[in-house]
Amino acid sequence: MFSQNQFLTNQADFDNAMFLETPISVWRGNQYVDFGGVISRHDDEAVFISGGYFLKKEFGFKVR
């Protein structure tokens, strides 16, 4: 379904990554920010990973 290093860009990408338990890393621009993990939930504003959350407008989410 996903390619390695593919950015999640839309609602369906986030839904599928969560459903398939795809490991995700977190980026800000070209800079790696967090190892991430599996998405536990997401909404229009944020992605929740491993007990923390990251704002969608500030971070990018890439398939590991």
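**Close-up views of a predicted chain**

**View 1. Strand 5, covered on both faces.** In strand 5 (residues 60-63), Gly60 and Lys62 on one side and Phe61 and Val63 on the other are all buried, where buried means under 20% relative accessible area, exposed over 50% and partly exposed in between, with a 1.4 Å probe and protein chains only. In a regular strand the side chains alternate between the two faces of the sheet. The model is predicted, so local features need pLDDT of at least 70 and side-chain atom pairs count only at pLDDT 80 or more, whereas totals for chains, interfaces and linings use all residues. Residues are numbered from 1 along each chain as its sequence is written, and side-chain values use heavy atoms, with hydrogens and water left out.

**View 2. Pairing of strand 1 with strand 5.** Strand 1 and strand 5 run antiparallel and are joined by four bridges; strands are DSSP runs of E of at least two residues, helices are runs of H or I of at least four, and both are numbered from the N terminus, while two strands pair if DSSP finds at least two bridges between them. Lysine 62 of strand 5 is the bridge partner of serine 25.

**View 3. The loop at glycine 29.** Glycine 29 lies in the loop between strand 1 and strand 2 (31-42) and, because its relative accessibility is 57%, counts as exposed. Its C-alpha is 8.8 Å from that of glutamate 58, although the two are 29 residues apart in sequence.

**View 4. The loop at leucine 20.** Leucine 20 lies between helix 1 (11-19) and strand 1 (23-28), in a loop, and counts as partly exposed because its relative accessibility is 43%.
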